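Have a look first, then the questions start.

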Amino acid sequence: MTGEVTVLRSHAPSGPPDEALDIDGAWVYTPRIHADDRGSFLEWFQGGDFQARAGYRLEVAQANCSVSRRGVIRGIHFADVPPGQAKYVTCVSGTVIDVVIDLRAGSPSFGRWAAVELDDRARRAVFIGEGLGHAFTARSEEATVMYLCSTSYDPARERGIDPLDPELAIAWPGDVEPILSDKDAAAPSLAQARAAGLLPDYADCLAHAARLRSS
């Protein structure tokens, strides 16, 4: 099953700090912003809140910062599971559309994607669990994205899917020509990756998450 499941636009914080997506293993975190005449302050990641939501603490092995001009699409990226690479993503400058894709073979929501607008106003964050694909596109003239990673980058375990794959049919903005790296443009389609055995197995991802919660 493929197709869009959620598009969440920026909004003021209300209700609980986290908002589930229709893909198991991913959610949106909306921080409380404390503003006064000096500016503002927020906690874009809070370990206690994360542990209450996920059932385990997020081990941070690497922190990335990506600056993109308008129209750039980065992804779809994922890593072999285990150990995979979970990501906790926010946009600190500008606006991006952040996309989570279920690439776990055997998952009930396999092939679905969810899009979330991240910006420097609401300052929401998205958690992407191990085995899920991640991509984003810059909507502002320039956008800076920062993300925490549960494991360090390992090129031998890093994988990619063509973000323009018509089977996935991700609704990238149509008002600008997409800009991809050579590596992302040459990535296989979802069907090709599945036939080659490159996709994470849903059962393996569930077992990995269970080990994290029990450790």
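Q: What makes the charged end of Arg194 count as sitting over the ring of Phe110?
A: Arg194 has its charged end 4.5 Å from the centre of the Phe110 ring. The label needs NZ of Lys or CZ of Arg within 6 Å of the ring centre and within 35 degrees of the ring normal, and this pair gets it. Another case is Arg53, whose charged end sits over the ring of Trp27, 4.3 Å from the centre.

Q: What kind of model is this, and which pLDDT cut-offs apply?
A: It's a predicted model: local features need pLDDT of at least 70, side-chain atom pairs count only at pLDDT 80 or more, and totals for chains, interfaces and linings use all residues. Residues are numbered from 1 along each chain as its sequence is written, and side-chain values use heavy atoms, with hydrogens and water left out.

Q: How many aromatic pairs does a search of the whole structure find, and why is the one between Trp44 and Tyr88 called tilted?
A: The search finds 7. Rings of Phe, Tyr and Trp (its six-membered ring) pair if their centres lie within 6.5 Å; planes under 30 degrees apart are stacked, over 60 edge-to-face, and the rest tilted. Trp44 and Tyr88 have ring centres 5.7 Å apart and planes at 40°, so tilted it is.

Q: Why is S8 described as largely enclosed by the rest of the structure?
A: Because 5 of the 7 residues of S8 are buried.

Q: What makes S8 and S11 paired strands?
A: Two strands pair if DSSP finds at least two bridges between them. S8 and strand S11 (residues 125-128) have 4, in the antiparallel sense, with Tyr88 opposite Phe127. S8 is also joined to strand S13 (residues 142-149) by 6 bridges, again antiparallel; there, Tyr88 has Leu148 as its bridge partner.

Q: In what order do the 6 strands of the open sheet come, and why do S2 and S6 count as its edges?
A: The order is S2-S3-S11-S8-S13-S6, with antiparallel pairing. Strand S2 (18-20) and strand S6 (62-69) each have a single partner strand, so one side of each lacks a neighbour in the sheet. From one strand to the next, the twist averages 25°.

Q: What makes a nonpolar core, and which members of the largest one touch the most others?
A: A nonpolar core is a set of buried Ala, Val, Leu, Ile, Met, Phe, Trp, Tyr and Cys residues joined through side-chain atoms within 4.5 Å. The largest has 20 residues, and Leu21, Val96, Val100, Leu118 and Val126 touch the most other members. S13 supplies the largest share, 4 residues. A second, separate core has 18 residues, including Ile97 and Leu190.

Q: Buried or exposed: how do you know for Ser107?
A: Its relative accessible area is 8%, so Ser107 is buried. Ser107 lies in the loop between S9 and S10. Contact means heavy atoms within 4.5 Å; leaving aside neighbours within four places in sequence, Ser107 is in contact with Asp102 and Tyr202.

Q: What makes Pro188 partly exposed?
A: Pro188 has a relative accessible area of 23%, so partly exposed is the label. It's found in the loop between helix H2 (182-185) and helix H3 (190-195).

Key: Helix = DSSP H or I, 4+ residues; strand = E, 2+ residues; numbered from the N terminus. Buried < 20%, exposed > 50% of the residue type's maximum accessible area, 1.4 Å probe, protein only. Axes fitted to C-alpha atoms, helices over the stretch in contact; angles between N-to-C directions.
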